Amino acid sequence: MSQSSFPRARKRFGQNFLHDESIINSIVEAISPEEGQHLVEIGPGRGALTEPLLQRCSKLDVIELDRDLVPLLRRQFSDYKQLQIHEADALRY
């Protein structure tokens, strides 16, 4: 799914979506996920970190507050059985 088919960033959520591949790669390398790890991503947004994390860890839970992004993330990552998407406020989850 192209990034342009996602909703725009919402100021009320303080959203800023990652898109620079070198920054994404640097973040994933800093996290250094390994097979067997269970990770939690808060605010996956458009999924810039989600896919590279899924390729390297055994289980990933993501918590997304923006109800417009959740169905799009579910479609984008429907092939990843190790992903659980939670539509919730991470501070209350």
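User: What percentage of contacts in the protein chain between residues at least 6 apart in sequence join residues at least 24 apart?

Analyst: Quick heads-up: this is a predicted model, where local features need pLDDT of at least 70, side-chain atom pairs count only at pLDDT 80 or more, and totals for chains, interfaces and linings use all residues. Residues are numbered from 1 along each chain as its sequence is written, and side-chain values use heavy atoms, with hydrogens and water left out. A contact means heavy atoms within 4.5 Å. Of the contacts between residues at least 6 apart, the share joining residues at least 24 apart is 47%.

User: In what order do the elements of the protein chain run from the N terminus?

Analyst: Helices (H or I, at least four residues) and strands (E, at least two) are DSSP runs, numbered from the N terminus. The chain has three helices and three strands. Their order is α-β-α-β-α-β.

User: Which residue forms a salt bridge with Glu29?

Analyst: A salt bridge puts a side-chain nitrogen of Lys or Arg within 4 Å of a carboxyl oxygen of Asp or Glu. Glu29 sits in helix α1, and its partner is 27 residues away in the loop between α2 and β2. With the closest N and O atoms 2.8 Å apart, that partner is Arg56.
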